[in-house]
Amino acid sequence: MEDSEAQCEQFFIFSPSLCTREGEEAQKIVYFYPASTELNLQVKCVGLAEAVVRFTADFSDQPVRCLTTLKSRQVFLQPEPGYWFVMRFSVPKIPLQQQAAAEAKEDAEYLAENVQDVVCHELLHQAYLMYRLFKGSIAMTLERGNVEILRQKCNHFFSRYLADPNHSCFSIYQSTLLEVYRGVTFLPLSKRAFLQVHCLVQRVQATFSRVRFACYLHSDQLVWTSLHPTDTRCVYAYLVHSLFPRHAEDDLRNLDKGIGSSGAFGRFITGPPNLDDPSQLGSVPRLFLTGPDGGSLAECHMLVYRSGRSSLCLFVDAGDPVTYEQYLALDRLLQPLMRHASDTVQTCSQQLSEASAASASAASGSGGGADSHIRFLYFNHMNSAQKSTVFVQPEGSKRPGVLAVKRDLMRLCADVHADHCRHGDLVDTETVAKTAGDAWLVAKKFDRRDFFALVTQFRPANLILVTEEVSRLCQAQFHSILFIE
Amino acid sequence: MQSSSSDSYAQLDDNPIRFQPVSEQTNVFYDAVQSHLFTVEKADSNSLLVRVQPCQSSSLSDSTKAFSFRLKDCGEVKSMKFSADCRILAVQRSSTAVEFVNFATAGGAADTVEYSQTCKTKAAQILGFQWTQAANHEVLYVTDCGLELFSVTPEKRSLRLVKSAAQQCNWYAWHHAAGTAALSSGPLSNQFSMFKIGQSSLVKTPRFEVDLPHAPSSSLASSNAAGGGSVGIGGRQPLRERDVFLAELYGQLYLGVLKHYVKPGGGSATEIALYQQPSSDSAGNPRKSDLLVLQQGGRLAVSIVDNLVLVHHQRLQRSFAFDIALPAETDGYLRYHQPVTVEAMPLAWSQPQRQQQKQLPRAGSQQQQQPQDAAATQLYSQSWIFFLPDVIVDAQAGLLWRIRIRPDRLSALMFPMDPGRCLHCLHLRANAKIDTANALRRLMLLLTSAEPPAAADAIATASVTTCLPVLAYALDLLAAQESPQPGPLPSPPPPPPPSPFDFAANESPSAYSSLSGMASFSQQQQQLLSLPARAPDPLTQSDLYVHLLAEGPATEAEYKAQVFVILEFVRALNDRNVPVQHFLFETLVRALVTTGRFGELHQLIQYHVISDSKPIACLLLSLQSLYPPAHQLALDMMKRLGSANEEILEVLLSQGRVLSAVKFLRSVGKFDSVAAHKLLEVAFESGDWRQFYSVFRALEQRNARLRGSAAFQPADHCQRYVAEFAGRFGQTALGQLRAL
């Protein structure tokens with residue numbers, strides 16, 4: 001049952017305004033996946049989607065979000081006026097026994113509850129956000145060019161985006177509530193270590209006036225960002241799921257080599273691979289970032305500098321390309337500073353995690369640590385901070401962890417989340433649920449913070465014991481915030 | 001740059017003490033300990049008229065008046081000194097005895113009777129005598145055979161020997177405040193025995209030897225014969241008295257020795273070796289610790305002003321200033337100091353402000369406007385005599401000055417060369433608070449200007465690139481000052497790059513090599529910098545606020561600079577575990593809010609950089625319309641404070657989150673004491689009947705628990721809500737609590 005999951009069958013972008021005459025409906029299509037689809041079918045799909053959009057608009061001020069059919073789920077998003085993004089997911093099914101199939105007049109049972117609107121919709125939204133991050137908004141493209149360029153850009157971006165397993169868009173298997181939140185994990189640090197990092201960034205930004213934004217990560221966790229919150233989430237996801245894993249092997253090699261040898265610890269991940277060679281400046285991603293006013297997009301080069309486990313991302317105004325001399329100057333500035341900051345952060349975070357591990361095991365007595373029977377997922381909408389223990393990271397692996405709880409529990413989380421969302425932001429709610437598999441879910445929403453505690457293998461289990469256990473966990477994790485249970 | 005006297009940071013009082021110049025009839029003595037100037041004239045055939053001018057400092061000279069008295073004329077006076085209370089005058093006329101005269105009051109009439117005390121050691125010659133600092137009426141004779149400490153009883157007009165020490169002595173140096181005498185002995189006069197004088201006690205520290213250079217050219221040696229006959233031994237000149245001084249720098253006593261060298265390529269050079277004396281509470285040997293390096297040789301004199309060593313060069317008419325607390329090159333043992341300003345500055349007459357301003361536009365014509373004293377005497381005159389620490393006497397002109405350091409001028413000279421050194425130096429000066437703040441402001445201004453200043457500007461060399469680490473360094477210094485334990489000083493920032501910073505082309509790789517504060521520094525450096533270099537008058541957090549931050553910035557760049565400065569300062573303070581004052585945080589929050597940098601503010605609070613406080617929490621609450629997450633930050637902060645439960649309740653109720661409010665009250669154990677009508681009002685106004693029902697029931701349960709009855713009492717002011725409840729859910733629903 002676990003392996004039958006929803007798949008992204010189709011993804012297309014269209015704009016009704018692109019076709020003015022009958023017979024030229026294909027003009028409406030900006031992008032269509034899979035590209036191998038027959039044009040006629042493409043036009044049909046787009047036509048249906050447009051019909052749904054227009055039809056539903058008569059009944060509600062809210063644009064249509066989702067179309068549910070027996071075999072598929074279709075989600076709609078209009079990120080920019082006139083342009084629609086549509087994604088169609090197949091609904092997983094189990095083949096039925098012949099007799100049952102005959103009774104139901106279907107050859108399979110469709111598991112509609114395995115596809116969750118909120119997750120699907122968020123995947124679509126993220127696809128748009130990532131597109132905007134790398135290619136700029138549609139309006140911007142049209143302003144500077146024409147629809148043809150827009151088509152090229154979409155094709156260029158999405159053909160790779162959908163094929164990238166790291167984006168987990170192609171298969172919904174990894175997509176859970178975590179995908180919906182797409183939160184940022186902040187690295188717990190002492191204020192002293194944090195100030196070191198902050199002052200480093202401050203100095204770099206004051207020295208290199210072309211650096212518009214910066215963010216600092218350590219061990220895939222965020223320490224500092226001056227990006228707009230939305231951009232922070234996208235950039236963080238891109239770095240952690242795509243860019244860093246690609247360089248993970250280099251890092252391992254460098255770590256082995258770096259100790260004791262040349263002492264050149266810092267290097268550019270994006271930018272010149274070798275600073276001794278002025279002819280190779282490497283490739284630098286171009287990103288479109290929200291300006292400080294929250295409105296217009298600014299085009300920036302993203303330079304990523306890595307030292308130890310720390311990475312500093314500098315977003316440099318894309319007016320002129322960064323020259324070799326500038327890379328050298330940056331390297332000279334960053335080399336000692338980053339090394340020092342990286343060491344400080346590493347030491348501090350190690351101390352903190354040891355201390356918290358010690359206090360956690362002291363608090364819970366038994367059952368603490370990684371294989372705990374109680375796992376949680378926390379997300380703060382205000383700063384996109386996310387904490388979770390639902391994934392287990394295999395020792396020494398750089399890959400994203402594996403889910404430590406059953407998928408049906410995660411699905412339940414998403415359902416409860418959708419339910420909580422209906423109450424509005426200002427209503428604090430709490431839900432306790434028990435699954436058929438004797439697992440418990442305690443979900444709380446308080447002041448734009450979501451918290452899910454997943455209790456498995458807890459016996460004897462009753463409501464009181466479970467809530468007690470969860471409130472102990474809350475006290476340990478959230479003592480410094482106002483999180484009323 | 002042609003240095004002119006108006007730039008000089010070392011100035012002579014514009015109001016010197018005037019006295020009768022030295023002549024056939026007039027003799028002048030100066031007692032550096034009491035700052036007394038004695039003018040001795042022949043009054044008649046058998047008496048002398050002595051005029052005493054106290055010259056403590058310009059401010060005190062008015063309060064203590066000059067006075068005069070008559071003294072018997074029985075031989076040439078060699079020296080005279082008052083005791084600390086000015087009740088006994090000691091006069092030395094011969095080399096074997098000192099005479100004493102009692103005074104009825106300080107500055108009063110002299111006793112007619114003199115009493116005398118010869119030195120106890122037979123055939124000893126008195127080299128000098130000193131009233132000691134440890135006891136009121138104890139006088140120390142220094143003879144060529146040792147020390148003799150006498151106690152004077154003025155009532156009996158007698159002296160009593162309390163202590164003596166035998167030690168061959170050629171000449172000696174005395175430091176009054178430290179009560180230390182350095183006795184020079186040996187054929188080269190380069191062996192020193194240090195004596196610490198206590199109350200009726202003499203403590204001797206082990207003898208040590210000063211290494212001497214080979215003899216410099218004879219012209220130097222002959223330039224002054226006061227040092228006595230020079231007999232070369234092994235090609236080395238004996239050490240002369242005038243080349244040795246005792247001085248206190250930053251609370252440490254040093255023996256300074258001027259050593260004249262012949263440079264390998266010809267010409268002469270001088271170095272001043274400082275031998276750090278062990279502090280009184282720790283035993284140990286004097287250690288050669290610092291070397292002041294001077295490329296010029298010649299006749300030199302030393303003054304100590306505000307812990308700066310000023311070396312006056314007569315022929316060049318220039319003075320070099322050294323600050324031994326500034327970071328210096330070191331070989332791990334000795335520290336080699338260069339003058340604080342590359343260019344040596346002449347001493348200058350201090351001039352009234354008004355004249356200076358007039359002078360500025362036409363610097364060439366300043367000669368005409370020199371004050372009168374300048375006409376009367378010449379700078380670096382042959383007749384100048386330097387008295388430690390900071391007095392210059394021109395006996396022929398009859399004038400006495402003190403040297404003063406002008407931090408503003410020092411800053412103007414040092415800043416363009418090396419802002420970091422400049423700030424460090426200013427930081428160590430007394431009365432330089434304003435100037436330190438001004439220098440910091442100057443750096444801040446550099447930050448705000450995106451374009452490097454015009455090349456014509458003197459600041460051009462100190463561009464943005466350098467001012468960042470320097471600013472950080474300066475703030476580190478300030479923070480180190482406030483730290484309870486004076487930890488290691490921050491390592492100095494790198495020297496400025498030769499060209500203004502330009503993103504496109506940077507020619508100075510070394511400028512980035514190390515930035516202060518961020519880079520840790522070596523063990524060796526730490527030890528060497530452990531010198532007690534506490535500023536006498538440091539810029540505190542509130543000074544920084546008043547002089548640098550209080551004036552609200554106008555432009556975004558200025559706000560940015562302000563944020564930069566505050567955060568660097570907070571970092572520096574945090575690194576040293578110094579608590580940060582709340583006004584810094586408030587300024588920081590204001591600057592971030594004004595420039596719309598809410599995300600950064602959020603992270604600073606998230607990492608607890610900005611300390612929790614009620615004012616900050618309230619400020620955050622007020623920001624929620626501009627930045628919604630501020631509300632959450634405020635509530636979290638209130639929770640951490642633990643003393644703001646009332647406020648949390650109000651916030652929750654104001655949002656209509658009455659159930660959360662009830663839960664919160666329960667979690668902090670305050671549910672029993674909250675006013676029922678307050679909760680019911682919010683629940684009722686929400687229009688949510690389920691919510692109203694729940695709150696009403698919760699309060700009924702509370703009533704039952706506390707009072708034994710579920711009913712509300714008139715004092716609860718809940719009649720209206722009871723009626724509403726009954727109206728909605730029926731009269732019978734009232735008070736029907738399910739048994740738990």
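# Close-up views of a predicted two-chain model

**View 1. Asp716(B) and Arg707(B) are joined by a salt bridge, their side chains meeting at 2.9 Å, N to O.** The term salt bridge stands here for a side-chain nitrogen of Lys or Arg within 4 Å of a carboxyl oxygen of Asp or Glu. Asp716(B) is buried, with a relative accessible area of 12%, whereas Arg707(B), at 35% relative accessibility, counts as partly exposed; buried means under 20% relative accessible area, exposed over 50%, and partly exposed in between, with a 1.4 Å probe and protein chains only. The model is a predicted one, in which local features need pLDDT of at least 70 and side-chain atom pairs count only at pLDDT 80 or more, while totals for chains, interfaces and linings use all residues. Residues are numbered from 1 along each chain as its sequence is written, chains are lettered from A and ligands numbered from 1 in the order in which they are written, and side-chain values use heavy atoms, with hydrogens and water left out.

**View 2. A salt bridge between Glu568(B) and Arg203(A) spans the two chains, with N to O at 2.7 Å.** Four salt bridges are found across the interface of chain B and chain A, and a network of salt bridges links Arg192(A), Arg203(A), Glu568(B), Arg571(B) and Asp575(B).

**View 3. The interface brings 51 residues of chain B into contact with 48 residues of chain A.** Contact means heavy atoms within 4.5 Å. Between them the chains bury about 4600 Å², 60% of it on carbon and sulfur atoms, where buried area is the accessible area (1.4 Å probe) that two parts lose on being put together, summed over both.

**View 4. The loop between strand 21 (268–276) and strand 22 (287–294) of chain B holds Gly284(B).** Strands (E, at least two residues) are DSSP runs numbered from the N terminus, as are helices (H or I, at least four), and chain B has 19 helices and 31 strands. Gly284(B) counts as partly exposed, at 34% relative accessibility. Although Gly284(B) and Thr205(B) are 79 residues apart along the chain, their C-alpha atoms are separated by 8.2 Å. Of the 740 residues of chain B, 54% count as buried.

View 5. A disulfide is a pair of cysteine sulfur atoms within 2.5 Å. The closest cysteine sulfur to that of Cys300(A) belongs to Cys215(A) and is 11 Å away, too far for a bond. Cys169(B) is likewise in no disulfide, the nearest cysteine sulfur, that of Cys145(B), being 9.3 Å away. Cys300(A) is buried, with a relative accessible area of 0%, and Cys169(B) is buried with 4%.
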